[in-house]
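Here's a quick walk through one model, taken a piece at a time. Have the viewer open while you read.

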Amino acid sequence: MPDLSQIKDDLVTANRILAHHHVVDSFGHVSMRHPENPKHFFMSRARAPACVEMGDITEFNLTGDVIGHEPGKPYSERFIHAAVYEARPDVMAVVHNHSPNVVPFTVQSKKRLRPIMHMCAPIGTDIPTWDIAHKFGTTNLLVTSMDMGRDLASALGQRTVALMRGHGSVVAGRSLRDVVFTSVYMEINAEMLIKAYQLGEGDVTPMSDGEVAANTSGRAGFTYERGWENWCREVNRPYYPLDWNMGPGFSKTDK
């Protein structure tokens, strides 16, 4: 297992990658569950993702409270992350973003977000839209309490993605690489899907449940690692290879 300094360094890298790919801008955030204490997680203090550094990484518990050193003001929506980790022991990383091509689908009931290209399969075929107004009435649309976070986590359920009406989305993953990959390709998929709808002739055919399953099992780890290595180079960040089994037909040197 990597040491905590490497874990935190990868979290800095995740922030830079998401910013580089326009999934986040000055706002949005990514977190990672503590590898040795599942009741804690790491996330930056409230800072633009492209500016995040090692010293900004803060430790939180599953009610969103800071543990130990507090380098600065925390994100007001840290409760999204806390609630998802609380509800989903399988989740090891979370992204909350306002991905620009995704947001239009949060307010559209007829043309829904669905994967249309194999690399975008991790978003899944069943993507709910959570509306904060249904339970909390008129708000500024921000998730600023555990009650709100838990309601959002309930809407997410066992899925990978939940949209947030008029706001953005929450993305859950089994690893930091996983959740970054899904978030990047969700934005790409949304842009392509909008273009497909604009063609105006005939129906759009999304991926089936079986096709999604075939693209998100077996070789998925290999795909995530290739993307992560490339994206680390794009943002001039260190790449720490993972020691894992890529599955039949691949060797440790295949990337």
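Is Asn236 buried or exposed?

## After H7

Asn236 is exposed, with a relative accessible area of 71%. Keep in mind that this is a predicted model. You'll find Asn236 in the segment after helix H7 (220-234). The backbone is worth a look too: phi of Asn236 is near 55°, a positive value in a residue other than glycine.

## Another positive phi

Leu141 isn't a glycine either, yet its phi is positive, at about 75°. To find Leu141, go to the loop between helix H3 (133-136) and helix H4 (146-156).

## H1 against H5

Now for some helix packing. Helix H1 (residues 4-20) packs with helix H5 (residues 176-199) at an angle of about 5°, and their axes are 11 Å apart. Angles under 35 degrees count as roughly parallel, and H1 and H5 are therefore roughly parallel to each other.

Who's doing the touching? On the H1 side there are Asp10, Leu11, Ala14, Ile17 and Leu18, and they meet Leu176, Arg177, Val180, Ser183 and Val184 in H5. Sorted by class, the residues of this H1 with H5 contact come out as 7 nonpolar, 1 polar and 2 charged.

## The largest pocket

H5 turns up again here: strand E8 (168-173) and H5 each supply at least two residues of the lining of the largest pocket. The volume of this pocket is about 240 Å³.

The lining of the largest pocket runs to 19 residues, and Pro122, Thr160, Ala172, Arg174 and Asp178 lie nearest the centre.

Why is helix H2 described as largely enclosed by the rest of the structure? Helix H2 (residues 78-87) has 8 of its 10 residues buried, so the helix is largely enclosed by the rest of the structure. The buried residues in H2 are Arg78, Phe79, Ile80, His81, Ala82, Ala83, Val84 and Tyr85.

Ser99 sits in a loop, the one between strand E5 (93-97) and strand E6 (129-130). Even so, Ser99 is buried, and its relative accessible area is 1%. Leaving aside residues up to four places away in sequence, Ser99 touches Val23 and Glu187.

Note on methods: Residues are numbered from 1 along each chain as its sequence is written. This is a predicted model: local features need pLDDT of at least 70, side-chain atom pairs count only at pLDDT 80 or more; totals for chains, interfaces and linings use all residues. Side-chain values use heavy atoms; hydrogens and water are left out. Axes are lines fitted to C-alpha atoms, for helices over the stretch in contact, and angles run from 0 to 180 degrees between N-to-C directions. Helices (H or I, at least four residues) and strands (E, at least two) are DSSP runs, numbered from the N terminus. Angles under 35 degrees count as roughly parallel, over 145 as roughly antiparallel, 65 to 115 as roughly perpendicular and the rest as oblique. Contact means heavy atoms within 4.5 Å. Ala, Val, Leu, Ile, Met, Phe, Trp, Tyr, Cys and Pro count as nonpolar, Asp, Glu, Lys and Arg as charged, and the others, Gly among them, as polar. On a 1 Å grid over the protein atoms alone, a cavity is a set of points where a 1.4 Å probe fits but cannot get out, and a pocket is an open set with protein on both sides within 12 Å along at least five of seven lines; lining residues have an atom within 4 Å of a point. Grid points are joined across faces, edges and corners, and a volume is the space filled by probe spheres set on the points. Buried means under 20% relative accessible area, exposed over 50%, partly exposed in between (1.4 Å probe, protein chains only).
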